[in-house]
Amino acid sequence: MSDAAQPTAAEVRAAAEAVKTALDRHLAAVEARSGEDDPAVYEAFNELAAAAEVYDELLYDRYDEVTPFEIPGADDSLPPYAGPEEPNAISVLIRRDYAVAEPQRLLAQAQRVEAVEYEDDGGAGEDAAGTVHGALGVLFGEFEPDEIASRHKEFGLEEGDSTLWVTAADEPAEPGEWLEAPFEQVDPQRVVCRFDVSAVFDEDVSDDIEEEDDLEFDGDEDEDQDEDQDEDQDEDLEPIDAER
């Protein structure tokens with residue numbers, strides 16, 4: 001970053017003062033909270049996180065220094081649940097991402113499905129599986145999403161991130177009410193639970209596992225060496241004479 005674009009010392013100091021103010025507000029909100037999921041605490045938390053992030057960035061840009069704090073994003077957590085305590089209806093929102101890893105396998109599977117359908121109809125029909133987007137339409141029209149998720153490799157797909165949200169409702173939605181925009185009317189405060197799957201999490205876990213495996217391997221190797229030494233020592237020992 002050029003000197004002209006760097007924040008001034010006064011701006012860094014002002015950001016630090018903003019963190020102090022946000023910290024005081026957060027503590028006051030915690031001390032006066034009305035319950036476990038007090039919205040005031042949630043709001044103060046986000047304000048503190050935002051102020052700390054600004055300060056961290058300015059401190060780095062100006063002095064090439066960082067804070068010892070991990071600043072979570074405001075969108076990393078859901079707001080406190082504010083839906084009905086006993087929901088009369090729920091909505092399950094699911095998104096699964098895939099990469100088309102093997103187009104030829106995808107086309108072959110879709111053409112196989114089409115061949116069976118045409119055979120049942122007594123003749124040939126339109127070749128909808130001749131293109132990748134057509135093949136996707138054939139397969140997702142034939143199989144349930146859960147089955148595709150469990151058999152994605154057979155269809156030439158590679159799993160990406162996925163998320164599942166369960167939201168509470170007072171009453172079931174009217175038929176056809178949300179079909180045009182299924183995800184636009186989600187109220188975060190009515191999300192009962194959420195489950196995310198991402199390669200980002202897998203990388204963190206795999207790094208930990210690799211470190212543990214290295215440690216375990218070293219330990220196992222030492223144990224094997226100790227056992228070999230014990231066996232060698234046993235062979236060197238003479239048999240005990242019970243009459244001595």
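Figure 1. Read along the sequence, the predicted model follows the pattern α-α-β-α-α-α-β-β-α. Its secondary structure comes to six helices and three strands, where helices (H or I, at least four residues) and strands (E, at least two) are DSSP runs numbered from the N terminus. Of the 244 residues in the protein, 20% are buried; buried means under 20% relative accessible area, exposed over 50%, and partly exposed in between (1.4 Å probe, protein chains only). Residues are numbered from 1 along each chain as its sequence is written, and side-chain values use heavy atoms, with hydrogens and water left out. Because this is a predicted model, local features need pLDDT of at least 70 and side-chain atom pairs count only at pLDDT 80 or more, whereas totals for chains, interfaces and linings use all residues.

Figure 2. An α-helix has 3.6 residues a turn, so residues three or four places apart point the same way.

**Figure 3. Phe143 and its partners.** The structure holds one aromatic pair. Phe143 and Phe155 form this pair, which is tilted, with 5.2 Å centre to centre and 35 degrees between the planes. Rings of Phe, Tyr and Trp (its six-membered ring) pair if their centres lie within 6.5 Å; planes under 30 degrees apart count as stacked, over 60 as edge-to-face and the rest as tilted. Phe143 lies in the loop between α4 and α5 (145-150) and Phe155 in the loop between α5 and β2, so the pair ties together parts that are twelve residues apart in sequence. Both Phe143 and Phe155 are buried. The charged end of Arg151 sits over the ring of Phe143, 5.2 Å from its centre; for such a contact, NZ of Lys or CZ of Arg is within 6 Å of the ring centre and within 35 degrees of the ring normal.

**Figure 4. Arg62 and Tyr63.** Arg62 lies over the face of Tyr63, at 5.9 Å from the ring centre.
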